[in-house]
Amino acid sequence: MTDKPTVSDWNALADKESKGRDLSREMPEGFALKPLYTQADATDPGLPGFAPFTRGVKATMYAGRPWTIRQYAGFSTAEESNAFYRRNLAAGQKGLSVAFDLATHRGYDSDHPRVVGDVGKAGVAIDTVEDMQILFDQIPLETMSVSMTMNGAVIPILAFYIVAGEEQGVSPQQLSGTIQNDILKEFMVRNTYIYPPAPSMRIVSDIIGYTSANMPQFNSISISGYHMHEAGATAVQELAFTIADGKEYVKSAMATGLDIDAFAGRLSFFFGIGMNFFMEIAKLRAARTLWYKVMDDLGAQSERSKMLRTHCQTSGVSLQEQDPYNNVIRTTVEAMAATLGGTQSLHTNALDEAIALPTDFSARIARNTQLVLQEETGITDVVDPLGGSYYIEALTAKLVEEAEVLMAEVDELGGMTIAVDSGMPKQRIEEAAAAKQTRVDKGEDVIVGVNKYRRETEDHLDTLDIDNHKVRTGQIARLNKNREGRDEAACQAALRALTEGAKTEGNLLALAVDAARARATLGEISSAMEEVFGRYDTTPKPVTGVYKTAYEFDQRWAQVLDGVQAVERRLGRKPKIMVAKMGQDGHDRGANVIASAFSDMGFEVVSGPLFQTPDETVKMALEHDVDAIGASSLAAGHKTLIPELIDLLKGAGRQDIKVVAGGVIPPQDYDFLREAGVQGIYGPGSNVVECGADMLRLLGHNMPPAGEELGGEE
Ligand code: MLC
Ligand code: 5AD
């Protein structure tokens with residue numbers, strides 16, 4: 001009998017097979033993967049349902065109860081969204097999750113002049129308690145768990161929900177669900193804040209205080225890594241910054257005098273799940289392990305306080321406009337990672353993600369992805385089926401270790417509030433995003449149908465379009481009716497009490513519930529606090545240098561640099577572009593990537609602040625005398641805002657300023673935008689260097705075509 005082979009025997013054999021090639025892989029997370037993991041790499045993770053909960057928070061996990069199929073949705077009016085929810089529930093969805101439009105997120109009523117392009121577009125418009133009642137018409141709030149993704153206007157929205165419940169005959173004690181209420185990550189990546197950080201943190205604590213006293217079944221916060229993931233964070237960054245955010249919320253609630261175990265059992269989490277299958281599974285296991293340690297250190301006694309319960313959503317940025325049916329496959333793989341990682345609740349993205357909001361058709365496929373996993377695959381039969389895999393256990397431990405290093409850095413800065421204020425997490429995430437974009441542009445990270453195996457023509461896909469003028473007109477009528485029907489004096493008194501509370505110490509949610517009962521609108525409740533807190537605004541500061549380094553020896557890059565210099569010689573100054581974000585759309589990853597790449601190419605880049613009106617964009621463009629404006633739109637405002645921008649430029653006699661558009665823009669809108677005067681449109685999957693080359697052409701430079709296409713043709 002021969003001896004059992006050892007790892008060094010394997011090394012020798014592998015070396016021979018690979019002819020000495022190094023098969024280890026560097027990860028964006030900052031460590032390398034070996035091609036083989038063995039027992040020597042893995043530690044015993046313990047048992048599910050027991051500390052540190054690496055294998056899951058419940059002993060029986062899906063064998064006892066499957067994860068909640070909770071599809072995030074909302075569009076247009078409360079009536080239409082309600083009908084959509086009811087169709088989805090009838091077809092197998094289990095929990096609700098409301099997407100609000102950006103006007104609502106940012107605390108504006110639908111009749112506010114700043115939100116003309118946003119009403120009803122990226123989510124449902126909610127201005128009043130009546131809207132909230134319509135949203136949940138015939139949906140029993142005493143049994144249905146409802147998640148509401150709201151962070152900016154979190155006080156009026158939760159107040160409306162509580163009052164809508166009351167008027168349905170359901171007490172706050174009976175309401176189950178989750179409010180996102182995670183403001184720190186808004187300042188970092190998602191950008192739907194209203195007030196500055198300090199009063200925003202008070203709001204978070206007031207909600208934790210109110211819900212822990214009055215709403216025992218309601219999760220007071222959904223501490224979200226998802227948006228960091230979408231902004232380009234690595235798994236280590238997503239873990240470290242999310243857990244550190246959680247720690248910050250706990251400390252700030254404890255500072256108001258709350259007992260940790262009185263509220264910690266209702267803190268919940270939310271992670272994004274991308275395409276690196278095993279990394280994402282390990283990420284969820286690492287998250288639970290890390291949270292256990294943090295909460296144990298903070299002195300939590302109850303085991304429930306130390307359990308990380310989480311929702312997951314498959315990744316939006318991993319989905320593509322090109323060959324969009326591939327997205328079904330991507331979402332399936334990601335959904336498998338989320339469930340093998342032990343998520344409590346899951347949203348699967350629709351295949352038209354990179355183009356528009358889901359249609360009934362694409363929403364059905366997305367939901368069915370989960371139904372098939374739950375009911376046909378056997379994934380739910382066994383608890384943590386990957387537990388004990390050498391690779392998974394080693395990767396989980398490695399992620400814990402690396403995230404702890406980054407969390408220690410945050411601690412040294414003084415915690416997450418200070419870290420966010422310093423810009424450190426945002427900067428790190430943007431660096432990771434730019435590095436990722438570079439790998440994709442260079443074809444090092446393959447995306448099938450985009451930078452490899454690209455089709456010459458794309459098939460037409462029917463997508464959802466929303467007539468936001470119609471939605472807005474309807475909302476304005478309802479707002480007027482609401483204002484006419486209420487006891488004005490009582491309403492104003494309730495709003496004044498809220499303003500007083502903002503100045504002093506009252507619980508803001510309790511005060512807003514009174515205002516909501518008196519039929520104050522979302523905009524009025526927000527303004528009552530804004531009087532005291534002010535409105536926060538900020539201008540993006542994109543990173544520089546990442547592209548320069550990554551493309552150092554790239555020929556095409558060198559051609560673009562030459563082109564920029566040629567234009568510079570001709571103009572006697574650098575060519576100037578403005579990257580503009582108009583409307584309430586705060587998705588700025590793409591805008592930051594463009595700003596960062598263009599400035600590395602040698603353009604002078606002016607980054608407009610978030611939330612501009614077209615008028616403000618034009619004023620800024622004229623002040624800086626730019627040659628072109630790139631409008632980045634990811635929340636469907638493009639058909640309203642970009643034509644307005646071009647009209648205003650014409651009105652100012654500056655039709656010479658070129659306008660291009662980028663972001664999530666359905667192909668069927670391309671002609672409309674071109675007719676309006678847009679000279680270049682760049683959807684997801686656009687190569688940043690080629691965007692630069694195109695810009696040079698627009699500025700009159702004779703730019704040679706790209707020498708060699710990345711990847712192959714069909
Ligand atoms: C679960 N339960 C079990 C069990 N498994 N009981 C016995 N045996 C088992 N095996 C119990 C739980 O303890 C719980 O009761 C109840 O069943 C419900 O299970 P859950 O696991 O808590 O699921 P759920 O209610 O769905 O809650 C999941 C959650 C919650 C805790 C993660 O916070 C949530 O639903 N989050 C969703 C967030 C979301 O949808 N966000 C969308 C963001 S979109 P009990 O009594 O213990 O509670 C976004 C995009 C954007 O942000 O940017 O716009
Ligand atoms: N309906 C459905 N899904 C939405 N998302 C955002 N808004 C909506 C909506 N109104 C999803 C998309 C997006 C992520 C942030 O949430 O998948 O990428």
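A contact here means heavy atoms within 4.5 Å. I start from that term. The model I am reading is predicted.

**Entry 1: the whole chain**

Residues 24 or more positions apart account for 79% of them.

Next I checked the overall dimensions. A compact globule with 714 residues would have a radius of gyration near 27 Å, and the protein chain has 26 Å, so the two agree. I also took the box around the C-alpha atoms. Along the principal axes it is roughly 85 × 80 × 50 Å.

How much of the chain is buried? I find that buried residues make up 58% of the 714 residues. The surface came next. The protein chain exposes about 28200 Å². Carbon and sulfur atoms supply 52% of that area.

Then I turned to charge. I noted 69 positive and 99 negative side chains. The centres of the two sets lie 0 Å apart.

Last for this entry, I listed the secondary structure. The protein chain has 28 helices and 16 strands.

**Entry 2: the sheet of nine strands**

I traced an open sheet of 9 strands. Their order is E7-E6-E5-E4-E3-E11-E10-E9-E8, and the pairing is parallel. Which strands sit at the edges? They are strand E7 (218-219) and strand E8 (221-224), and each pairs on one side only.

E3 has a neighbour on either hand in the strand order, E4 and E11. I took E4 first. E3 pairs with strand E4 (residues 95-98) in the parallel sense, over 4 bridges. I noted one facing pair there: Arg70 stands opposite Gly95 in E4.

Then I took E11. Strand E11 (residues 345-347) pairs with E3 over 2 bridges, again in the parallel sense. Ile69 stands opposite Leu346 in E11. Thr68 has Ser345 of E11 as its bridge partner.

A reminder to myself for reading any strand: in a regular strand the side chains alternate between the two faces of the sheet.

**Entry 3: the sheet of five strands**

The order is E13-E12-E14-E15-E16, with parallel pairing. Its edge strands are strand E13 (604-607) and strand E16 (681-682), each pairing on one side only.

Why is E15 largely enclosed by the rest of the structure? I count on its burial here: 5 of the 6 residues of E15 are buried, so the rest of the structure largely encloses it.

How many bridges join E14 to E15? There are 6 bridges between strand E14 (residues 628-633) and E15, and the two run parallel. As one residue pair, I noted Ile629 with its bridge partner Val659 in E15.

**Entry 4: backbone details in loops**

Tyr453 has one, at about 55°. It lies in the loop between helix H17 (424-441) and H18. Is Tyr453 buried, partly exposed or exposed? Its relative accessible area is 45%, so Tyr453 is partly exposed. The cut-offs are under 20% for buried and over 50% for exposed.

Phe611 also has a positive phi, near 70°, and is not a glycine. I found Phe611 in the loop between E13 and helix H25 (614-624). The relative accessible area of Phe611 is 5%, so this residue is buried.

I also looked at a peptide bond. The bond from Ala51 to Pro52 is cis, with omega near 0°. Pro52 is in the loop between strand E2 (32-33) and helix H2 (61-64).

I finished with Glu484, which is in helix H18 (residues 468-485). Its relative accessible area is 67%, so Glu484 is exposed. How far is Glu484 from Ser8, C-alpha to C-alpha? They are 81 Å apart in space. In sequence, Glu484 and Ser8 are 476 residues apart.

Note on methods. Residues are numbered from 1 along each chain as its sequence is written. Chains are lettered from A and ligands numbered from 1 in the order in which they are written. Side-chain values use heavy atoms; hydrogens and water are left out. The radius of gyration is taken over C-alpha atoms; the globule rule is 2.2 Å times the number of residues to the power 0.38. Buried means under 20% relative accessible area, exposed over 50%, partly exposed in between (1.4 Å probe, protein chains only). Accessible areas come from the Shrake-Rupley method with a 1.4 Å probe; for residues, only the protein chains shown count as cover. Lys and Arg count as positive and Asp and Glu as negative; His and the chain ends are not counted. The place of a charge is taken as NZ of Lys, CZ of Arg, CG of Asp or CD of Glu. Two strands pair if DSSP finds at least two bridges between them.
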